[in-house]
Amino acid sequence: MATADVRLYLLGTLWEVEIDFEYDSEDNWETIDISEVWLLGYYPEKSVGIGQDYVPCRIKADLLSMSNHDYQNCIEIVEEVF
């Protein structure tokens, strides 16, 4: 398993997001499976660009409730990072 740590804008808020995934290294990244997505914290709108106060949290996404679009977005993010 590998992890991608990224900043994403979700619902107009900048979030620190951790995406845990598995891949088959023999098929050259053809198969990427997202195993967990965690929201680790966010930057309140008032602080973006002005000191960037960080509000930590630990929210686990429900992958079964995630839309296909959001799941594919996570895969694209993993492909960009790695």
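This is a short chat about side-chain contacts and surface features in a predicted model.

Q: Before we start, what kind of model is this, and how are residues numbered?
A: It is a predicted model, in which local features need pLDDT of at least 70 and side-chain atom pairs count only at pLDDT 80 or more, while totals for chains, interfaces and linings use all residues. Residues are numbered from 1 along each chain as its sequence is written, and side-chain values use heavy atoms, with hydrogens and water left out.

Q: OK, how many salt bridges does the structure hold?
A: The structure holds two salt bridges, where the term means a side-chain nitrogen of Lys or Arg within 4 Å of a carboxyl oxygen of Asp or Glu. In one of them R7 meets E16 at 2.6 Å, N to O, and in another E36 pairs with K60, with the closest N and O atoms 3.2 Å apart.

Q: And where in the chain do E36 and K60 sit?
A: E36 is in strand β3 and K60 in strand β4, 24 residues apart, so the pair links distant parts of the chain; strands here are DSSP runs of E with at least two residues, helices are runs of H or I with at least four, and both are numbered from the N terminus.

Q: Which strands do W15 and Y42 come from?
A: W15 lies in strand β2 (residues 13-23) and Y42 in strand β3 (residues 32-43), 27 residues apart. W15 is buried, with a relative accessible area of 14%, while Y42 is partly exposed at 28%.

Q: Last one, what is the phi of L11, and where is L11 found?
A: Phi of L11 is near 55 degrees, a positive value in a residue other than glycine. L11 is found in the loop between β1 (2-10) and β2, and L11 is exposed, with a relative accessible area of 91%.

Technical notes: Buried means under 20% relative accessible area, exposed over 50%, partly exposed in between (1.4 Å probe, protein chains only).
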